Amino acid sequence: MTGVRIGRDPASPVLVGVVHLAPLPGSPCGQLSITEIIDAAVRDAVAYQDGGAHAVIIENFGDVPFFKDQVEPHTIAAMTLAVHEVRSVLSIPIGINVLRNDALAAVGVAALTGASFIRVNVHTGVSVTDQGIVEGRADRTLRYRTQLGEHVAIWADVLVKHGVPLGSQSIEDAASDAVHRGLADAVIVTGRATGMAPDPADLARVRSALPTTPVYVGSGATPETVANYLPAASGIIVGTWAKFDGRIENGVDRERVRLLSGSMRAATGRMT
């Protein structure tokens with residue numbers, strides 16, 4: 001599915017579910033075997049697909065505290081195994097996010113497993129985070145993608161959550177740089193932390209600056225609030241809210257996914 005383009009039709013916003021991998025072997029909180037981790041990832045991914053999601057993103061969410069850039073080789077191996085197994089049971093596109101900011105590893109995993117896109121927390125610019133100063137390396141990411149000969153789409157966070165930009169760049173200027181100078185294929189607007197909703201005004205500013213680029217809401221959307229983001233948003237990325245009882249440590253509840261998907265369709269229908 002490499003090269004699949006999603007989120008290009010503003011009249012049909014997409015729902016993207018986040019598969020939070022349990023702590024991988026070698027990480028401080030790791031307790032499960034790789035088989036148990038993959039089985040849980042497959043269950044969550046299938047629940048998203050059955051609930052009406054149009055794509056999923058697989059990320060090593062459990063590997064706190066995160067390396068700020070290059071992860072260890074066994075982490076890449078574990079994620080490759082997980083993505084391979086998830087892809088074997090899904091018919092929707094898959095994205096990769098290697099936290100905190102290993103875009104090269106994400107491109108490599110995506111290219112070799114047939115995933116369609118990656119998410120990069122800091123693609124351009126510099127952010128002060130709990131991992132320290134994280135610098136965007138669009139130059140390396142784009143060149144590595146070219147070397148592999150695969151068009152893995154790059155979705156770039158704008159003024160990423162759990163971080164403060166180094167400098168006073170506006171959100172619309174940061175988004176414009178990510179696309180026009182960093183050559184990102186899509187951008188993501190989030191709140192300040194995991195599960196926190198972005199300001200709809202910020203989304204509108206980004207959409208105004210990038211009228212033809214896919215722009216995603218990356219956190220905090222609920223069935224009650226999705227209408228605030230449409231039609232400016234090309235899609236909604238959901239993780240925490242889609243879990244049983246809305247608790248991040250639980251598995252994905254396909255009924256909650258269906259509820260959010262239905263709310264998106266209803267909101268879009270009211271606007272047409």
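Two strands pair if DSSP finds at least two bridges between them. I keep that rule at hand for these entries, which concern a predicted model.

Entry 1, strand β7. I looked up the partners of β7 and began with β9. Strand β9 (residues 186-189) runs parallel to β7, and four bridges join the two. I found V158 opposite V189 in β9. I then turned to β4. Strand β4 (residues 117-120) also pairs with β7 in the parallel sense, over four bridges. Here A153 in β7 is the bridge partner of F117.

Next I checked burial along β7. Six of the six residues of the strand (residues 153-158) are buried, so β7 is largely enclosed by the rest of the structure. I noted which way they point: A153, W155 and D157 go one way, while I154, A156 and V158 go the other way.

I looked up the largest nonpolar core and found 67 residues in it. L21, Y48, I94, I96 and I118 have the most contacts inside this core. Apart from it lies another core, of twelve residues, including V18, F117, I188 and Y216.

I listed the contacts of I96, leaving aside neighbours within four places in sequence. Among them are I57, I58, M79, V83, F117 and I118.

I located F67 in the loop between β2 (55-59) and α2 (73-87). F67 counts as partly exposed because its relative accessibility is 42%, and buried would require under 20%. Leaving aside neighbours within four places in sequence, I found F67 in contact with E72, L99, R100, N101 and Q131. F67 and Q131 are 64 residues apart along the chain, and their C-alpha atoms are separated by 6.8 Å.

Key. Residues numbered from 1 in each chain as written. Predicted model: local features only at pLDDT ≥ 70, side-chain atom pairs only at ≥ 80, totals over all residues. Heavy atoms only, no water. Core = buried A, V, L, I, M, F, W, Y, C linked by side-chain atoms within 4.5 Å. Buried < 20%, exposed > 50% of the residue type's maximum accessible area, 1.4 Å probe, protein only. Contact = heavy atoms within 4.5 Å.
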